[in-house]
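Please read it beside the model.

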Amino acid sequence: MNQAMQVLTSQLTTEWYTPAWIIALARETMGGIDLDPASSDKAQETVKAAHYYTQAIDGYSKPWGGRVFLNPPFDDTPRWMRRLCAAYADGDVTQAILLVNSAPGYRWWEDLYRAHPVCLLRERVAFVSDRRVSAGTAKKGTTIAYLGAFWSKFDSIWSAYGRVLMP
């Protein structure tokens with residue numbers, strides 16, 4: 001296995017950061033990012049949320065509100081997705097961009113796209129490792145979900161990057 005593939009399949013780290021172009025589109029969609037609840041100091045060099053929680057702070061259990069960007073830990077995606085959807089349903093989160101693996105055949109993913117607009121990105125995402133160097137593209141496709149009232153804005157921004165599905 002070549003070195004890039006070893007890095008992409010490594011279980012040694014779950015620290016893979018969202019590339020800047022996705023963060024820019026999330027900002028454009030929502031008008032800003034108030035909270036990144038599953039983040040790190042390093043990720044905030046790009047995300048620049050007004051507030052963020054790290055693994056040490058346990059962002060899952062803290063209050064969530066405003067415009068949220070969430071790239072959850074991929075080893076616990078369904079739980080984080082449900083937490084975000086609950087905070088949105090309660091009115092605490094006003095808008096959110098959620099980045100997850102495309103996962104047809106999983107109930108949580110079907111629940112997501114049946115309730116909220118999603119963009120199935122046409123290209124595999126080149127996430128950034130903890131060394132801030134891209135190690136190639138992800139092994140799986142990526143879905144961007146939008147929770148909020150501005151569905152047509154989401155569609156107009158994200159449709160250039162993949163197929164947008166409306167519930």
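The sections below cover the model, then the helix pair, then the pocket.

## Model basis

This is a predicted model, where local features need pLDDT of at least 70, side-chain atom pairs count only at pLDDT 80 or more, and totals for chains, interfaces and linings use all residues. Residues are numbered from 1 along each chain as its sequence is written, and side-chain values use heavy atoms, without hydrogens and water.

## Helices α2 and α6

Helix α2 spans residues 20-30 and helix α6 residues 151-158. Their axes lie 10 Å apart, at an angle of about 150°. The pair is therefore roughly antiparallel (an angle over 145 degrees between N-to-C directions). The crossing is right-handed.

From α2, the contact (heavy atoms within 4.5 Å) draws on I22, L25, A26, E28 and T29. From α6 come K153, F154, I157 and W158. By class, six residues are nonpolar, one is polar and two are charged.

## Second largest pocket

The second largest pocket holds about 160 Å³ of space. A pocket here is an open set of points on a 1 Å grid where a 1.4 Å probe fits, with protein on both sides within 12 Å along at least five of seven lines.

Its lining (an atom within 4 Å of a point) consists of F74, T77, P78, N101, S102, A103, Y106, W108 and K140. Five are nonpolar, three polar and one charged.

Terms used
Axes are lines fitted to C-alpha atoms, for helices over the stretch in contact, and angles run from 0 to 180 degrees between N-to-C directions. Helices (H or I, at least four residues) and strands (E, at least two) are DSSP runs, numbered from the N terminus. Angles under 35 degrees count as roughly parallel, over 145 as roughly antiparallel, 65 to 115 as roughly perpendicular and the rest as oblique. A crossing is left-handed if the near helix is turned anticlockwise from the far one by less than a right angle, and right-handed if clockwise. Ala, Val, Leu, Ile, Met, Phe, Trp, Tyr, Cys and Pro count as nonpolar, Asp, Glu, Lys and Arg as charged, and the others, Gly among them, as polar. Grid points are joined across faces, edges and corners, and a volume is the space filled by probe spheres set on the points.
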